[in-house]
Each structure stands twice: as structure tokens, then as C-alpha cells.
Amino acid sequence: MRTKEKIIKVPFIGDLIYSSGHTIVGILLGIFTGGLLIAISGVNPFLAYASMFRGAFNSLQSFSNVLVRSSPLLLGGIGVAIGIKSGVWNTGIEGYMYIGAIGATIVAIPELGLPPIIHILLCFIVAMLFAGLWGAIPGYLRAYKGVNEVTATIMLSYVAIYFTNWIVSGSPLAQEGAYFPMSLPFAKSSLLSILMKGTSLHPGPFIGLLMCIIFHIILKYTPFGFRTRMLGHNPFAAQYAGINSKKQIVITMVIGAMLGGLGGAIEVLGLKHRLYMEFVTGVGYESVAVALVAGGEPIGVMLSALFFSILKVGGATMSIETGVSSSMASIIIALCVLFVIGVGVADSKRLKKRDEKDPGKKTLSFKMEEAVK
Amino acid sequence: MTYEIILDWLQASLRWSAPLIICAMGEIFAERSGIINMGIEGIMLCGALCGVAVSYYAQSQAVALFACAILGLVLGLIVAFLTVSRRTNQVVTGLMINLLAIGATNVIFSVLTVMRHKRATTFGALFPESMHRIPLVGPVLFAQPFTTWIAIFIAFIASFVLYKTRWGLNVRAVGDNPQATATAGLSVIKLKYQTLILSSIAASVAGGILTLASSGYFAAGGMTGGRGFIVLAAVVVGGWDPMRTMFACMLFGATDAAQLRLQTTESIIPTQFLQMLPYVITVVALTIMVKRSRVPKTWGAAYDGRRS
């Protein structure tokens, strides 16, 4: 107990070590349990994890794959994290990505004769506009009608998935006579450039990282960020302080949706170069996982998105080399989160006992209790 | 011709709503005790695979449903341990159970390659063949697989248990005022464990029925198609009341059956828009009904024995 007190007294880093302690323990437990499952399926877990590690770090190309795969997780992760900060569960990231990608597709297909940078920005703006409007629906329903946002966003995600399926198979934007449903190819000027020869590394992951930093600053140092955090910590206090909580909920959901839409646009403009069916399947749940392991902090999203993307890219290699299905990656992701939250609550219990002894330090446990609510 | 289509639609509506009703009845108890079991979507998915796989290997549907129930019990214990004992956030826990279920069913289904092209035998009808020929009610009601009848029966049982038994009263009390229930000498934790396990068993069995009462196939990667969340919506639309929830489930089942029927007919509406229909109807129904429902007072909040 004494040493823990000492750690906390180290400014910034001590706090960080202590607050991320349960996250690391949870992740280790998740990896351990994943290993057990791999062992049950008849493969040596050490070999499996070794091939996973090789798959992610073997060459420059594989590491650039990790970065590319992390781009939707980064943007989706911050989208969910902002929601968590203001106390709403913005679980419809997958839907926002599809709608954003549709928006980008509409502008990306015609040759507009614009310089690439303008064309790409136009695609981004339209994507964010589309996704923002889409996100405003569950935001409005949650804030003004009291509809549970988890159900609403997930239902709307399904609507978005089927809408995308129509766009690529029945609409005027679809490629006719394709062996697989897809849209028409995008104009050259709209495609994101490849940053490194021989890889598929596009600027997307760096846009994602930049967004993490921007939103860290917004949440920490602007009045808007303060209002968001206040609403998440204590909605009643926020109400008394004169914050229009309904408007704030809609705005945070729309921002989350816009980030998701941007993620979808980057995915099609940078990687796919056409719109396909179900091109980000599973990212909806994974974004929630990313945001949770990060504890709702944009800076933490950077690390957790990279970690999950290593698991996903490595999982594909693991599946080729050892025969363990690549879906094992999503099992490990889910296990990590379940352990992180399971361990985390116990941690906050201990902290609360400390708080009861010493009311002056009532910061950490309060933060953690409210972060998961 | 149209008469036959309508009969077929009514028949399918009831058939599709059976798993929704069973799942919803379990969920009502969990939510009445104050816990949202968001994991029912994933548990349903696991049940769907379990049902098909066990009925393929054991060649018995009773064994398959029993296996589903056992699986639901295990998953329910996990959910209950996390949300009740560890007091984790119920939304997160549920969503991660869903992610876990998608991954796990994909992994297991990729191993069970023999099952890919085999169709499990589906449930038979409860009433004899001769009764199916009675006009109107014959094809709509008596040709139903027996699970439909069980589902409706379960809804009545649930209503009775919730309102007329001591245990049902305890469950309702726990959801509205856990502290008072604890003061009255009941174990809040135990009751919440019971309702959560009940709802997980119901979801798992519903998943088994989903495949065994209709197609007999399992499709990897989200074959439940958000039905768990539709059930969550149905429970809210039905105001946490078994009878009203049953009708909400029937409405959603009917929408599902209608879009499947309309897809096969040559209509000008693209199939994708028809496929959206159940989800759109769910959101619309939620929006209309949500204000009229009386929410259990501690809905979604973790119970902390020391804080009162």
C-alpha cells in the first residue's frame, strides 16, 4: 500500500502507471486466455503467437499493413471515446463508415478536373456531412425522444449496410457485369497517394493519429470539451450549470459519426479504390473495444488501436501458418476488453477504500467509475 | 393467389416471431431485475450454431435444445459474474459478448466443415396432418412447428410468474428498489444471477429454434442479423410486460416474414430496401412507444451492496 501511494505521488507518470495498471493486467489475461483457446484447438499457442508477431513486424510491408488496418480503428475509436466522455454509447460506427464511404463515392467517381488535394478534401467533407446527418438521427432520438442509443445505432447500422449493398449492386453508381458487387472505379485525382513504395501505406493512419491529438486537446482545453466531460461525469450537475445536455448529446454523437464517416472515406479512397459490400465488417464492435481499453482517452486510443490492429494483421498470418481461424483475433480482442473491465472495477473498489480514508484524493476512482458508466 | 400469399405470410410471421418471443421473455425478467442483458444477440448466435451442430451429431432435436440450454447457462454465468459481481458496465459487457460470439462461432464453424452442406432436420408440427387442411386456421395455426406453440405458452407462463408468484414479485422489487429488497432479507445478487441466467438460457434456446424451426442451416458471420437488438427493442416497446412484448415480437416477426415474401415476388422495390424494413420498423416503433413505457427504476445501474 505504501509503495502505491509513492507511485501516485510521482507527477503525471505515477498517475498514468497506476491508472493503466489494470488495463495491462487485463490485456495480459486476455492474451493468456486466448492462448488457452488456441491450445484447445490443437495448436501450440507459443508458435501461434510467434507467427502472429512475425505477421505484424516481419517486414516493413507487414508493419505498414498494421498501420493501414489501424486507420478505421483509430477514427472509430475516438468517435466512440467522445461518446463515452459525454455518457452516450455511440455504437453505430460501422454504419457511419458505410454512409461516409457512400458520400465519398458519389463525389469520387466523376472526373471533376480538380487538383487531387481539393478533390480528396471534397470527398472527406461530403463523407463527413453524410455520416454526420446519419448520426444526427440516433442523436436526436436519444436526446429528445429517450430512445436507447445502443439499439438505435445498431439498427441504423444494419440499414446502412443494406443501403451500401444497394449502391454497389442496383444503383447507377454500381459497376455493371462485375463478378462481385462493386461501384464504378474512382477518379484518379480522388485517390489517396501511397506513402511508401511496395506497400499500401496511405496517409489514413496519420490522419487518425492527428485526430487523436486534436481531440485530446479539444476535450482537455476547450469549453466544448469541458461541457462534454461534465455531462459524462454528472449529468445533473451539468444541467444545473446551465449546459444544454440534449444539444450536447446530439453534437457529440454527430462528431462521432463524422469521425466514423471520415474513417469510411479513407478506407475506400486509400485502400479499396472502389466501394464494396461489407468492407469494414466488425469494425463497429472493435471501435467500442478500442475506446474502452483506452479508457475513453483519445491518447489511449492511439495505443489500443495499434494493438488491436497488430492482433488483426498478425491473426491473418497466424491463420495461414498454423491453421487457427483468423477470427481468433476478434475473440482475443473481446477477451482483453472483458478482462480489462472486469479487473478495472475491482481496482476502483480498492481506490474507493483509499478515498474513504482520505477524501482529498477523490479523483482517480471517481474518474474510472464514471468513465465506464 | 393473393389469399395463399397472405396465408403463407401469416404462417411465417408466427414462425419467425417464436424465437423472438422466447428470447424476449427471458430478457423481460433480466431487465425487470434491473440488468440489461445486451449479450443476447451473441448468445442467440452461439445457440444457433449449437442447435444445428448438436442436432447434426446427436440426430436428436431434444438433445440439441438441451445443449442450447446448457450453453445458455454457462454464458449466463459469465455475464452475471461480470455485470453483477464485478459490476462492469452492462452495455460494454453485452457488446463484447457479441464480439466474442461472432469470433467463436466463426472459429468453430470453420472447423465443422462437414456441416456446411448438411441441413439439420427441422421441427415437426404439433398437430396432425389432417388438421392442416382446415381452411384459414389450418395452415396458419395448426401447421406451425411445435416451437411456435411453446413460445406462446411461455409468454403466458412468464406473465403468470412475473405477476402472480412470490419470485416474480421479488424480481420486480429488485429492479425498482434493490436496497429495500435487501432490507427485506432477500439476496439481490442471487436474484440478479437467476434472472440473467434465465435470460441467457432463453436467448440460447431461441437461437437454436431460429435455425431448427426454419432453414436448418447455420450461416457464419452474424446470421442472427441483429435479432437480439430487435428483442431488446421489443421489450421496451412492450413496456416490460410479457403479453404486450409478445405482440411487439409478433409485429417484428411479421415484418421479417413480409420482407422475405416480398423479395421473392417481382417487385419494383430493390430487395435491399426490403431487407432494411425490420430495422426501420424497430426504430420507428421504439420512437413511438418509448415515452409510454414505465422503465424499471434501476434499469442498467450496477448494484453496490455497500452503498445505500
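**Briefing: helix packing and aromatic pairs**

Ser200(B) lies in helix 9 (residues 188-215) of chain B, where helices (H or I, at least four residues) and strands (E, at least two) are DSSP runs numbered from the N terminus. This is a predicted model, in which local features need pLDDT of at least 70 and side-chain atom pairs count only at pLDDT 80 or more, while totals for chains, interfaces and linings use all residues; side-chain values use heavy atoms, with hydrogens and water left out. Residues are numbered from 1 along each chain as its sequence is written, and chains are lettered from A and ligands numbered from 1 in the order in which they are written.

**Ser200(B) and its surroundings**

- Ser200(B) has a relative accessible area of 0% and is therefore buried (buried means under 20% relative accessible area, exposed over 50%, and partly exposed in between, with a 1.4 Å probe and protein chains only).
- Apart from neighbours within four places in sequence, Ser200(B) is in contact with Asn37(B), Ile43(B), Gly72(B), Leu75(B) and Gly76(B); contact means heavy atoms within 4.5 Å.

**Chain B as a whole**

- Chain B contains 12 helices and 0 strands.
- Of the 308 residues in chain B, 56% are buried.
- Among contacts in chain B between residues at least 6 apart in sequence, 78% join residues at least 24 apart.

**Helix 2 against helix 10 in chain B**

- Two packed helices are described by the angle between their axes and the distance between the axes.
- Helix 2 (residues 40-58) and helix 10 (residues 227-237) of chain B pack at about 130°, with their axes 7 Å apart; axes are lines fitted to C-alpha atoms, for helices over the stretch in contact, and angles run from 0 to 180 degrees between N-to-C directions.
- That angle makes helix 2 of chain B oblique to helix 10 of chain B (under 35 degrees is roughly parallel, over 145 roughly antiparallel, 65 to 115 roughly perpendicular, and the rest oblique).
- From helix 2 of chain B, Ile40(B), Glu41(B) and Met44(B) meet Arg227(B), Gly228(B), Phe229(B), Val231(B) and Leu232(B) of helix 10 of chain B.
- This contact of helix 2 with helix 10 of chain B comprises 5 nonpolar, 1 polar and 2 charged residues; Ala, Val, Leu, Ile, Met, Phe, Trp, Tyr, Cys and Pro count as nonpolar, Asp, Glu, Lys and Arg as charged, and the others, Gly among them, as polar.
- In helix 10 of chain B, 11 of the 11 residues are buried, so this helix is largely enclosed by the rest of the structure.
- Gly239(B), which follows helix 10 of chain B, has a positive phi, near 60°.

**Aromatic pairs**

- Over all chains there are 13 aromatic pairs, counted when the ring centres of Phe, Tyr and Trp (its six-membered ring) lie within 6.5 Å, with planes under 30 degrees apart stacked, over 60 edge-to-face and the rest tilted.
- The rings of Tyr162(A) and Tyr279(B) are stacked because their centres are 6.1 Å apart and their planes stand at 20°.
- This pair crosses between chains, from Tyr162(A) in helix 7 (residues 149-169) of chain A to Tyr279(B) in helix 12 (residues 271-289) of chain B.
- Tyr162(A) is buried at a relative accessible area of 19%, and Tyr279(B) is buried at 6%.
- Trp166(A) and Phe273(B) form an edge-to-face pair, 5.0 Å centre to centre with 70° between the planes.
- The pair likewise crosses between chains, from Trp166(A) in helix 7 of chain A to Phe273(B) in helix 12 of chain B.
- Phe273(B) is partly exposed, with a relative accessible area of 27%.
- In chain A, Phe53(A), Phe57(A) and Phe63(A) form one aromatic cluster.
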